[in-house]
Amino acid sequence: MVLPATSERLRPRGGGLLKNLAATCLVALGQGRLASARHRKLADRRVPPSPPFDENYNDSFVFQGSGGDGTMFMSRVGLRGDGSRAEVWVFLDIDGRKLVNGDTLVPARARQQHISAGGLSYRYLPERGGWRVSFSGALQGAGDCRLELDFTPTARLFLSSRHMDARSTGRAMAEMPWSRQYFARLRSERQVRIEQGGLLEGRLWLDGRERELRLRAFRDHSWGRRDWSFINRYLWNIISLERPLDLGGVRCRYLCLTAVDYGDSFHHLVSGWVAGSRRLLPVVACSDMHRLAGDGVIPRDYDIVFRARGRRPLRCRVTRSGREHSWLLQDGDFEVSEAWCRAEIEGVAGQGMAEFGFSRGCGIPRPVFS
């Protein structure tokens, strides 16, 4: 029996009434208008680290797209430290084949609006308000591959410093024991993230033939300190819907849902959004992610309940495909596992990507660590 979405207690649950209120006020103070305006200007450019130099500084660009037939493209350039090296991920699932790049930690070149590393290039197109994604190189399982795809935004942009719900983040903070060291750690880990739905369209040259690609897509740009060892685990779902889902007058075509266990900082921080071309609603709560893959075995099928601000809870049913891509980070201490997925929300079908992240130190065994 599948229980209705409203019967499930969602996270974060918060602490006491006064602690929840105090935490919400602290979060709201940090989300000032000036900071949001400054961050919006940085959404489409390289954000180098400010002194003093931190080797765990991360300026990460991601472009991902999926088709209803199981085609999926995903790419990432994560500029580390001063930006001279980057974590590079490229994979393409197409025609039942799993194609992936080899070297994942490579030298990088980063200008303000042109990022390149390992044969992968992102160039901003100011006249279109989008990006050109290019790749040329060998992919395991195919040999040489070349693609030229243009990302065109079709949904409102999510900016964490503006749209993350202060009450939700405050409740996640209120679940934790507070101390001077706790707040110092929060300040040191501060990150900014933008996310946006759109389309990836262009051409692919593979196996000596040319073909066109048209994918429902997401882009992600985050900057700030990222030490993977601070994270125990996380869940990330990005879903494109086949038709608009009406949420109280907001016609949504995209869902982005993130839940993170930051160890000593947050046990269950929830972020994300649902959006259409004109409006965006932040996601403020979701199911307890710890009930999924607690033994390290990622389920093929799972349900996750989420609630957008001011709306009732909804259940998202996810089915991952069998093709799984795993990446090891920070000397093998953290694993990211991604797969194309189907989804359904309120009878509206969609597809996208389901991503799970696990730390070696959180006590969840994963076969890739053996």
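**Salt bridges in a predicted model**

By salt bridge I mean a side-chain nitrogen of Lys or Arg within 4 Å of a carboxyl oxygen of Asp or Glu. Strands (E, at least two residues) and helices (H or I, at least four) are DSSP runs, numbered from the N terminus.

A quick word on where this comes from: the model is predicted, so local features need pLDDT of at least 70 and side-chain atom pairs count only at pLDDT 80 or more, while totals for chains, interfaces and linings use all residues. Residues are numbered from 1 along each chain as its sequence is written, and side-chain values use heavy atoms, with hydrogens and water left out.

Back to our pair: is Arg 315 buried or exposed? Arg 315 is buried, at a relative accessible area of 14%, whereas Asp 303 is partly exposed at 21%. Here buried means under 20% relative accessible area, exposed means over 50%, and partly exposed is in between (1.4 Å probe, protein chains only).

How many salt bridges does the structure hold? There are 21. One of them joins Arg 309 to Asp 165, with the closest N and O atoms at 3.0 Å. Arg 309 sits in the loop between strand S17 (301-308) and strand S18 (314-320), and Asp 165 in the loop between helix H3 (160-163) and helix H4 (166-174), so this pair ties together parts that are 144 residues apart in sequence. Arg 309 is partly exposed, with 42% relative accessible area, while Asp 165 is buried at 12%.

Now please find Glu 201 and Arg 214, whose side chains meet in a salt bridge at 2.7 Å, N to O. Glu 201 belongs to strand S11 (residues 191-206) and Arg 214 to strand S12 (residues 209-225), so the two tie together parts 13 residues apart in sequence. Glu 201 is partly exposed at 30%, and Arg 214 is exposed at 58%.

Salt bridges can also share partners: Arg 11, Glu 175 and Asp 288 are joined that way into one network.

The structure holds zero of them, where a disulfide is counted as a pair of cysteine sulfur atoms within 2.5 Å. As for cysteines, Cys 145 is buried at 3% relative accessible area, and Cys 25 is partly exposed at 42%.
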